[in-house]
Amino acid sequence: MDEKRILDYLDKTGGRRTLERLFRIVFSHVLDSLGKKGSYEVSLSLLSPAEQRELNKAYRNIDRETDVLTFAYEETCQEAIPVTDLGTITICPEVAKRQAKEFSHPYERELAFLFIHGLLHIFGYDHQTPEESERMFALQNRLLNTLPFDFYTNRRKLVRKLLEAQQKAIVPYSHFRVGAVVVTKDGKYIEGFNIENSSYPATCCAERVALYAAYAMGYRKEDIAALGCITDSKKVGTCCGVCRQVMSELMELYAPVYIYSGDCSQHLDTTVEGLLPHPFTKEDMDR
């Protein structure tokens with residue numbers, strides 16, 4: 001069956017044009033995660049504080065600007081491919097910026113959070129009671145955390161740090177240098193590199209060195225945004241099986257992984273789960 005995902009996007013605040021791509025990714029991700037089949041359309045407007053306040057006063061009788069407002073329709077238009085018009089969501093970027101600063105996370109992540117919130121309202125989720133609130137916000141956080149969008153990694157900085165890490169590799173036997181970098185959500189780029197030993201099993205790969213260094217600094221899987229890796233190979237050389245297993249336990253499965261060829265002309269953008277779809281976990285040890 002043919003499907004359409006239509007985002008009728010209007011930015012009345014003169015913000016970055018790149019935001020539209022983020023909102024389109026969010027829209028498709030929410031529909032896919034909720035198992036919504038068919039064609040859907042939603043209108044999204046970014047408004048000034050004054051415009052958002054006016055809407056909030058007119059429709060909710062609250063005289064102040066707010067972060068997000070939802071106006072649900074769920075009407076189906078009669079076309080060759082019927083499209084369900086979900087309604088309109090308005091977001092105030094100025095409020096989003098304040099909240100992003102308050103919660104110490106990226107502005108784009110706050111915008112995605114608010115758009116997801118509005119879409120869940122359209123699909124019948126609410127937070128009027130403690131039970132409803134727990135259900136809605138648990139789903140909202142899961143959708144945000146599994147969103148295929150990296151809010152934290154500066155790719156140019158990542159490549160620079162990878163090249164620096166690679167130069168530090170200790171490889172007297174293979175002469176094959178590997179560099180790795182763990183990116184944390186608070187902006188750290190933690191380097192690792194392969195360290196070889198004449199007792200070959202004692203050799204440690206760059207990915208594990210970087211992850212162990214991050215953990216030694218007190219970070220845990222929920223603090224890690226992404227991992228990058230570079231090798232001397234002319235093509236993209238992916239992580240070994242041992243590293244994939246370690247990554248599956250020390251990182252979230254949905255965390256991005258960026259792997260580069262030696263000259264950075266090729267790269268693979270994947271996730272921990274993409275590298276290891278069926279990891280062995282502690283649950284597998286249950287008797």
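In this predicted model, the axes of helix 7 (residues 206–216) and helix 8 (residues 241–250) come within 9 Å and cross at roughly 25 degrees. Because angles under 35 degrees count as roughly parallel, helix 7 is roughly parallel to helix 8. The crossing of helix 7 with helix 8 is left-handed.

On the side of helix 7, the residues that meet helix 8 are Glu207, Arg208, Leu211, Tyr212 and Tyr215. Their counterparts in helix 8 are Val242, Cys243, Val246, Met247, Glu249 and Leu250. Sorted by class, the contact of helix 7 with helix 8 holds eight nonpolar and three charged residues, with no polar ones.

A further helix pair is formed by helix 4 (residues 107–122) and helix 5 (residues 130–145), whose axes come within 10 Å and cross at roughly 135 degrees. Helix 4 and helix 5 are therefore oblique to each other, and their crossing is right-handed.

Helix 4 contributes Arg109, Ala112, Phe113, Ile116, His117, Leu120 and His121 to this contact. From helix 5 come Met136, Phe137, Leu139, Gln140, Asn141, Leu143, Leu144 and Asn145. The residues of the contact between helix 4 and helix 5 comprise nine nonpolar, five polar and one charged.

The axis geometry of both pairs is set out below.

| Helix pair | Axes come within | Crossing angle |
|---|---|---|
| Helix 7 and helix 8 | within 9 Å | roughly 25 degrees |
| Helix 4 and helix 5 | within 10 Å | roughly 135 degrees |

Technical notes
Residues are numbered from 1 along each chain as its sequence is written. This is a predicted model: local features need pLDDT of at least 70, side-chain atom pairs count only at pLDDT 80 or more; totals for chains, interfaces and linings use all residues. Side-chain values use heavy atoms; hydrogens and water are left out. Axes are lines fitted to C-alpha atoms, for helices over the stretch in contact, and angles run from 0 to 180 degrees between N-to-C directions. Helices (H or I, at least four residues) and strands (E, at least two) are DSSP runs, numbered from the N terminus. Angles under 35 degrees count as roughly parallel, over 145 as roughly antiparallel, 65 to 115 as roughly perpendicular and the rest as oblique. A crossing is left-handed if the near helix is turned anticlockwise from the far one by less than a right angle, and right-handed if clockwise. Contact means heavy atoms within 4.5 Å. Ala, Val, Leu, Ile, Met, Phe, Trp, Tyr, Cys and Pro count as nonpolar, Asp, Glu, Lys and Arg as charged, and the others, Gly among them, as polar.
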